[in-house]
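Thanks for coming. I will walk through one structure today, a piece at a time. Please have a look at it before I start.

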Amino acid sequence: MAKGDPGGTTRSRRPAPRSKKGAAGSPELVQLLTPDGERIDSATGPDGTEYRVDFTDEEYRGLYRDLVMVRKLDAEATALQRQGELGLWASLLGQEAAQVGSGRALRTQDMAFPTYREHGVLYCRGIDPIMPLGLFRGVDQGGWDPNEFKFNMYTIVIGAQTLHATGYAMGITMDGKIGTDDGEAAIAYFGDGATSQGDVNEAFVWASVFNAPLVFFCQNNQYAISEPLERQTRVPLYQRAAGFGFPGVRVDGNDVLASYAVTRTALDNARHGQGPSLIEAYTYRMGAHTTSDDPTRYRIASEVESWQAKDPITRVKAFLDKQQIADAAFFAEVDEQARRESVHLRERVLNMPNPEPVTMFDHVYPNGSPLLDEQRATFNRYMESFEGSAH
C-alpha cells in the first residue's frame, strides 16, 4: 500500500443512533469488513460519526500484503527466540489488522509512540524490520531515529509512552502545528492491561485538560499478561474516555478497514484542534504475551478457536477473492515474498556482530565524563585480567 494518504474517511457528525448490542451483548463495534469477508459500506460510531473507506483495488491488495508480511516476519522472530537467537519476543499474532490499519492511517507528519509489540506499525512507518530484533537479541538499543521515521523507540515500562506522547502532543499545540489539514497529531499505543496503570490515567487527564492533539490507541487483546479483561474493568474500555472529557470509540480490531477509518478520523480531528480521543481496538492475542509466557495456563483452547474464526488476514483474503480483486497467483506471490523476506531477516539476525563489552560506556553521556572514563578504565583492566588465563 502506498505510504501517502490513500482512501478517505468522513468527518461528518450526526445525532447519536440508538444503542445496539452485539451477539454477545457487548457494545457494537465499528466494522467495515465482516469475518466472512463481506464489505460494509459505512458504519456509525457512538457519537454519530460515520466511518467509511474508499480504496482502489491496488490499495486493498497492498493492505493484504502488509498483513501477510507482518505476520510472517513476526513468526520468524518467534522462531528465532525459541532457537535461542533472541532473548525475548513479544508477538503481535492476531493483532495485525489493528496495527496495519492504524499504521497506514498515520500521515507523514504524525508521531507514533509504541509499546514493545507494535511491529506492524513499525513496518508501516518504513523502518527496517531488523531494528527491534537487535534490541531483543541484546546487541543494540533498537537503532532507528524517532525523528526521521516519526516513530518513537519501543517502551518496555507499561504505559509510560502515553505520558511521553501527551507531552509531545502538547508541544505540537505550543508550536502552532494544529488547525489545518497539514497539522500534526500524535498517537499512543498501549494494551488493555495498561489502562490500570497510573501513567495512562494521568496522560488522559493532561491530554484532556490541555486539549492535546493525541489519539490513545488501546489494543484490547483480552489479556494483561495472564489477567483477563474483566479483572481490569467493569465497563467497556472506550467508555472510560467520557470520564476524562473526550470521546471514545470501539472498533473491530481484526478489521483492517475499520481500524484505518477510525484512526484516520481520530487523527484528523486531533490535528484540527478537536483534542484527544480514545480508540479501543477489540482484538485478541493469539499467542503468548511474550515468549516467556505460557497462555495455556490461563485460557482454554475453545476460546482461541473462536477467535481464529475472526482472523484478520483470512477475512481480507476472502474479500479480495469474492470481489475478484486478487487471484490465486497474487496470493501465491505474496506468500513467496513473505517467505523470502523472513529468510533474509533470519540470515541478517544470525550475522549480527556481538558488541564488545566495553562499548556499554560509549553513549552514556554525549560528551563523556571523567567518572565514566575512570569506570571504563577499571572495566578494561578487569577484562584484561582474563587474557591468557584458564578462566
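In which helix do E58 and R61 both lie, and how many residues apart are they? Both are in helix α1, three residues apart, which is about one turn of the helix. Helices here are DSSP runs of H or I with at least four residues, strands are runs of E with at least two, and both are numbered from the N terminus.

Before I go on, two remarks on the source. This is a predicted model, in which local features need pLDDT of at least 70 and side-chain atom pairs count only at pLDDT 80 or more, while totals for chains, interfaces and linings use all residues. Residues are numbered from 1 along each chain as its sequence is written, and side-chain values use heavy atoms, with hydrogens and water left out.

Back to helix α1. E58 and R61 form a salt bridge, with their closest N and O atoms 2.9 Å apart. A salt bridge means a side-chain nitrogen of Lys or Arg within 4 Å of a carboxyl oxygen of Asp or Glu. Helix α1 covers residues 57-82, and its 26 residues should span 38 Å at 1.5 Å a residue; the end C-alpha atoms are 38 Å apart, which agrees. The expected span is 1.5 Å times one less than the number of residues. After α1 comes G84, whose phi is positive, near 85°.

Next, the other salt bridges. By this rule there are 22 of them. One joins D41 to R52, with the closest N and O atoms 3.8 Å apart. D41 sits in the segment before β1 (43-44), and R52 in the loop between β2 (50-51) and α1, eleven residues apart. D41 is exposed at 55% relative accessibility, whereas R52 is partly exposed at 26%. For these words, buried is under 20% relative accessible area, exposed is over 50%, and partly exposed is in between, using a 1.4 Å probe and protein chains only.

Another salt bridge pairs R271 with D110, the closest N and O atoms being 2.8 Å apart. R271 is in helix α9 (residues 256-271) and D110 is in the loop between α2 (96-105) and β3 (111-113), so this pair ties together parts 161 residues apart in sequence. Both R271 and D110 are buried. They belong to a network of salt bridges that links R107, D110, D268 and R271.

Now two single residues. A160 is in helix α6 (residues 160-174). Is A160 buried or exposed? A160 counts as buried, because its relative accessibility is 11%. Setting aside residues up to four places away in sequence, A160 touches T155 and D199, where contact means heavy atoms within 4.5 Å.

P295 lies in the loop between β9 (277-282) and α10 (301-308). P295 is buried too, with a relative accessible area of 15%. Beyond its neighbours within four places in sequence, P295 is in contact with R285, G287 and A288. The C-alpha atoms of P295 and R285 are separated by 9.8 Å, and the two residues are ten apart along the chain.

Last, the overall layout. The chain is divided into domain 1 (19-350) and domain 2 (365-391), with bounds from an automatic or database domain assignment. The C-alpha centres of the two domains lie 43 Å apart.

That is what I have for today.
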